[in-house]
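Me: Please take a close look at one helix in this model and at the side-chain contacts that go with that part of the chain. I would like one connected account.

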Amino acid sequence: MYFANPWGLLGLLSLPVIAIIHLYHRRFPPLQVAGLHLWTQETKKDSPGRRRERLPITRSLILELLAALLISLLLADPRSNENLTRNHLVLVLDDSASMAAVSSGQSSRERALEWIREQEESIGRGGVVSVLQSGLRPTLLAGPRAEWPEMLNALKEWQPQAPAHDFASTWDLGAQLAGEEGRFVFLTDHLPGEAVPVPERMETVSFGRKLGNVAITTARWMFDADTGEGTVYVRLVNFGEDEQEVQLAGVAGDHKVIEETVDLTPGRDTALQWTVPGGLGQLRLTAEAENDPLEIDHQLILMEPEVRLVTVALTLPSDHSAFEPIQRILGVLPQAQLGNPGDADLIVAPAVDSPPAERSLWWLGMGPLNPGTVDETGKMLVGPYLVEKQHPLMNEIVLGGVVWGGVQPPPDGLVPLVSAGSTFLLGQKTGTAANAYIMNIDLAASNLTESPDWPIFWTNLIEQCRNSQPGFRRWNFHLEESIPLTLEPASLDAENDLLLVHEGTEKSLIRMESIEIPPRREVGLYTVQDGETEIGTFAVNFFDREESNLTQLLPGQRQPRAAAPPLGIHLDNPFSWLIVIGILLVVFALIYDWITLRGRMTKAR
């Protein structure tokens, strides 16, 4: 137990004052009565005047002392450590990367932590704290209602790195935690605009400083399988007011493969590119400028991309109407190569064939569905066409002005992706292990190959085949970007733990064929391990023009639009209720004692 207002205990000084008053109480003048012998023990006579005597222990003295004690305790406001009415401070921390920008040797993050430490006395000994970290998904760093040492320990792990994001969801959660009595504060490096809707009871404190900054806003590493070399593309921006000399360096292992000095004009973008040899694996790129305040946006790690080609086996007869158009389109797609059916990821065959029973294989059957009767049964359609836009193969497909020829009655077991009324034109075949599709068309009687939809369809198909290949689809990601991963079908039944490892920390992943690793909140290298086997490594880097622009950061404070309720005795404090009840009982006893004594004196007269 503790006292919320220890100064209230000064009221206990009234106890000796009441005792002294009773020691030196005023005596009544002599009263002449008849039959003094009838008064027994009340025959003691006191002389008039003020003099000290032995303290008389009377009901009046006991009740007065008890009343003074209870009133003093009420003013001191005793609390229990388990009392839910303790002062509650709710903090929302701006997790934007700009909070780490350093000015005069101190970042906005460090100034915010100093401000938090100064609040310990204001919330009182029994105060509790809830701390929220902003982001696309609000994170509870401490609490709810954490003790002060626990909260300070949790804040040691706070390192703001997030790109620009909306604070509304975090503010809403903070307002719910604060309720009607808690103090609600948003700590940031810039005050929200006047037109931005914020919670009425939220106080805002900004610790930002206006700064110039040089940042890498874009970086990409591309690899050419034909030449065996890669190309690194970088875009730099000078957000300051003065020209900056920037030292660019790219290091792979112990070898410096990029070294260049660039003068950046204020407010302008500068694009650079370098040709680098293959086999580097990783590249650490830095852009150092004098007195650069923000570290996260001028250094990064790039993973060398791997070549992921889709091998296509064209098993159509050479006299098939689709053979030449498909061979021509595959020759210009950069991610596709022709190969044998045994090594193929995608097989293009006549629609009358059956797809192989291989789970990882893609198969496309090209019409006519019945070549022998296409002249008699084939129809020609000019639309309108119903396209299943939700399917990835139909992305950006419109079929405007397409004449669809050689349409024949389709077989059963097809899910339509393109149709004209009730007539099936393109669909996915069900009941097969492979990803099988059938196109009900005779390209010799159609202008589809002359339409923009023809290369778009094949680009979508090749991309879906690449995405289904085991491993990562990419190796370099931004913060708050999901990371797709496909596992080998043979590893789906493994009993090992599938782990995501980053700087000594491990996070378990759910084992399934297609995994979507949640967006990361920290930059760096991440590795996926299947037991002792390393599946692959990817890099997460920071790119955000808005956060790298530090020219709008300013200190300030904004009070809440709605005032917080006045502080006082908490009526839901059980100690307060008991003390108030005790005071009422003592007052009632004093009044009763006074009425009883007065009645006796009246009868005695």
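Reply: Helices α7 and α9 are roughly perpendicular to each other, because their packing angle is about 65° and angles from 65 to 115 degrees are counted in that class. This is a predicted model, and in it α7 covers residues 323–330 while α9 covers residues 453–468, with the two axes 11 Å apart. The crossing in which α7 passes α9 is right-handed.

The search of the whole structure finds 11 salt bridges, and two others involve glutamates at positions 480 and 481. Arg137 pairs with Glu480, with their closest N and O atoms 3.6 Å apart; Arg137 lies in the loop between β6 and β7 and Glu480 in the loop between β28 and β29, so this contact ties together parts that are 343 residues apart in sequence. Glu480 is buried at a relative accessible area of 16%, while Arg137 is partly exposed at 39%. Arg474 forms a salt bridge with Glu481, the closest N and O atoms being 3.0 Å apart, and here Arg474 is partly exposed at 36% relative accessibility, as is Glu481 at 22%.

Technical notes:
Residues are numbered from 1 along each chain as its sequence is written. This is a predicted model: local features need pLDDT of at least 70, side-chain atom pairs count only at pLDDT 80 or more; totals for chains, interfaces and linings use all residues. Side-chain values use heavy atoms; hydrogens and water are left out. Axes are lines fitted to C-alpha atoms, for helices over the stretch in contact, and angles run from 0 to 180 degrees between N-to-C directions. Helices (H or I, at least four residues) and strands (E, at least two) are DSSP runs, numbered from the N terminus. Angles under 35 degrees count as roughly parallel, over 145 as roughly antiparallel, 65 to 115 as roughly perpendicular and the rest as oblique. A crossing is left-handed if the near helix is turned anticlockwise from the far one by less than a right angle, and right-handed if clockwise. A salt bridge is a side-chain nitrogen of Lys or Arg within 4 Å of a carboxyl oxygen of Asp or Glu. Buried means under 20% relative accessible area, exposed over 50%, partly exposed in between (1.4 Å probe, protein chains only).
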